[in-house]
Amino acid sequence: MNPLGVHALVWVGDWSEQSARFAIESTREVGFDLIELALLDPAATDVAMTRRLLADNGLGATASLGLDLDADVSSEDPAVVARGRDRLAAALEVVHGVGGTHLCGVLYSALTKYPQPASALSRQNSAQAMAWLAEQCAAAGVTLALEVVNRYETNIANTAAEMLTFIDQSGTDIAVHLDSYHMNIEENGLVEPVEQCGSRLGYVHIGESHRGYLGTGNVDFGSLFGAVRACGYAGPVTFESFSSAVVHPSLSNALAVWRNLWQDSRDLAAHAHAFMKERLES
Ligand code: MN
């Protein structure tokens, strides 16, 4: 079965040693195989401490982030693009340093509502940055996957088909990262996007339509998990959920996490683990 993971924001909004210990121990206790680190500020992550806690708990790691407008590789301003590349290089250094396997998320633009469509120059700058990042990741032995997110969070690619076209533009074989929450907003259904990716699917986020408890919203998880199993995907499947009960200084606002969808992280995570395991095994 696929390695199962949980996003760090289910547990904590920061990465002090106390928070990291709580998040990593809780992830292991619930039965997950890996934790997905939130690397929006890679410099704030203590690599040695994280690596030690992961090893002590026998837990794997992946990492995700979204860029911001000050470090946006899809900017038309070369100085902003350069800051974006520096941010991505720093994130990869952390993933590699902690022994992580995957770098994913919105790495190709800022995670924000853009006020206009992406220009040809924006797409070109982003595609070139992704080709550069793909080389760095390959050298580090880290799998790179670009997350398809909804129209309020990027203007580069909102569907699997658009992301595949964008990756082709980069001239690489970078993998696609699909997320049921975003698919539920933008795609015609949940089967076709998985089939379109096929062997190019490289990471999966499982989130409900309101990003709370799995099975309590609109996402057709039967179709999604059926498609993921049918395409032979063997990579990580990670639970992503956000509530105002756990707040990250920048990510929570970027994702518009205004509502309290849950209070009890452990109950939420244990429910998600059982939910995903049952559907991936059946
Ligand atoms: Mn996601």
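**View 1. Strand 6 is covered on both of its faces.** A175, H177 and D179 on one side, and V176 and L178 on the other, are all buried. Here buried means under 20% relative accessible area, exposed means over 50%, and partly exposed lies in between, using a 1.4 Å probe and protein chains only. Strands (E, at least two residues) and helices (H or I, at least four residues) are DSSP runs, numbered from the N terminus. In a regular strand the side chains alternate between the two faces of the sheet. Counted by residue, 5 of the 5 residues in strand 6 are buried.

A quick note on what you are looking at: this is a predicted model, in which local features need pLDDT of at least 70 and side-chain atom pairs count only at pLDDT 80 or more, while totals for chains, interfaces and linings use all residues. Residues are numbered from 1 along each chain as its sequence is written, and side-chain values use heavy atoms, with hydrogens and water left out.

View 2. Strand 5 (residues 143-147) and strand 6 run in the parallel sense, paired over 3 bridges; two strands count as paired if DSSP finds at least two bridges between them. Across this pairing, L146 stands opposite V176 of strand 6. To get from strand 5 to strand 6, the chain passes through helix 5 (residues 160-170), and this β-α-β crossover is right-handed. Right-handed means that, with the strands pointing away from the viewer, the path from the first strand over the helix to the second runs clockwise. Strand 6 also pairs with strand 7 in the parallel sense, over 4 bridges. There V176 has L201 of strand 7 as its bridge partner.

View 3. D179 is buried, as is H205.

View 4. The closed barrel has 8 strands in the order 1-2-3-4-5-6-7-8, with parallel pairing. From one strand to the next the twist averages 25°; axes are lines fitted to C-alpha atoms, for helices over the stretch in contact, and angles run from 0 to 180 degrees between N-to-C directions. Strand 1 (residues 4-7) and strand 2 (residues 34-38) run parallel and are joined by 3 bridges. In this pairing, G5 stands opposite L34 of strand 2. Helix 3 (residues 78-98) packs on the sheet and touches strand 2, strand 3 (60-67) and strand 4 (102-110), and its direction makes about 170° with that of strand 3. Contact here means heavy atoms within 4.5 Å.

View 5. A search of the whole structure finds 11 salt bridges, each being a side-chain nitrogen of Lys or Arg within 4 Å of a carboxyl oxygen of Asp or Glu. R21 bridges to E17, with 3.2 Å between the closest N and O atoms. These two are 4 residues apart in helix 1 (residues 17-30), so about one helical turn separates them. R21 is partly exposed at 34% relative accessibility, and E17 is partly exposed at 35%. E17 and R21 also belong to a salt-bridge network with R52. In the second case, K277 and E281 bring their closest N and O atoms to 3.3 Å. They too are 4 residues apart, in helix 10 (residues 265-281), so the separation is about one helical turn. K277 is partly exposed, with 33% relative accessibility.

View 6. E186 and R151 form a salt bridge whose closest N and O atoms are 2.8 Å apart. This pair links distant parts of the chain, 35 residues apart: E186 lies in helix 6 (residues 180-186) and R151 in the loop between strand 5 and helix 5. E186 counts as buried at 14% relative accessibility, whereas R151 is partly exposed, with a relative accessible area of 47%.
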